[in-house]
Amino acid sequence: LHGRHHDEVGPGGITWIAPDGTQISTPWANIDYIRETENNFNLIDHHGATRSTLPKRGLPGPDLIPALREFLNHSVNGQPPTATPDSAADESKPLG
């Protein structure tokens with residue numbers, strides 16, 4: 001997707017919505033782990049490829065970063081999340 005887009009993170013996965021309305025959805029089952037950097041959450045698939053990047057600056061405020069981190073970690077690991085963030089959207093370190 002090119003240009004500004006909207007990321008929707010929910011219990012079933014993540015949906016990217018392009019300016020022209022095109023939507024691409026990826027279920028959590030297709031994501032192996034999350035790699036967090038200073039500025040982003042990178043969603044890594046089962047082949048080690050980055051499926052998408054959620055920029056932390058896409059959140060309404062930096063105080064929501066811990067909630068998104070927890071939600072992503074629980075979603076990818078198959079555990080029920082404690083809260084659903086509305087939307088989201090260098091050295092890497094895996095979440096865990």
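View 1. Helices (H or I, at least four residues) and strands (E, at least two) are DSSP runs, numbered from the N terminus. Buried residues make up 41% of the 96 residues; buried means under 20% relative accessible area, with a 1.4 Å probe and protein chains only. Residues are numbered from 1 along each chain as its sequence is written. Since this is a prediction, local features need pLDDT of at least 70 and side-chain atom pairs count only at pLDDT 80 or more, while totals for chains, interfaces and linings use all residues; side-chain values use heavy atoms, with hydrogens and water left out.

View 2. Strands E5 (residues 40–45) and E6 (residues 50–55) pair in the antiparallel sense over five bridges; to count as paired, two strands need at least two DSSP bridges between them. Look across from Leu43 and you'll find Ser52 in E6. Four residues sit between the two strands of the hairpin, and Gly48 in the turn has a positive phi of about 85°.

**View 3. Inside the largest nonpolar core.** Here are the 15 residues of the largest nonpolar core, where Val9, Trp28, Leu54 and Leu72 have the most contacts. Strand E2 (13–17), strand E4 (31–36), E5 and helix H1 (65–76) each supply at least two residues of this core, and H1 gives the most, with five. A nonpolar core is a set of buried Ala, Val, Leu, Ile, Met, Phe, Trp, Tyr and Cys residues joined through side-chain atoms within 4.5 Å. Leu72 touches Val9, Trp28, Ile34, Phe41 and Leu54, leaving aside residues up to four places away in sequence; contact means heavy atoms within 4.5 Å.

**View 4. Helix H1 and what it packs on.** H1 has twelve residues and reaches 16 Å from first C-alpha to last, close to the 16 Å expected at 1.5 Å a residue; the expected span is 1.5 Å times one less than the number of residues. Among its buried residues are Ile65, Leu68 and Phe71. The buried residues of H1 pack against strand E1 (6–10), E4, E5 and E6.

**View 5. A buried lysine.** Lys56 lies in the loop between E6 and H1 and is buried, with a relative accessible area of 13%. Its side chain makes a polar contact with the side chain of Glu36 (2.6 Å). The backbone oxygen of Thr37 lies 2.8 Å from a polar atom of the Lys56 side chain. A polar contact is a pair of N or O atoms within 3.5 Å; within protein, one must be able to donate a hydrogen and the other to accept it, and residues adjacent in sequence count only if both atoms are side-chain atoms.

Notes
Buried < 20%, exposed > 50% of the residue type's maximum accessible area, 1.4 Å probe, protein only.
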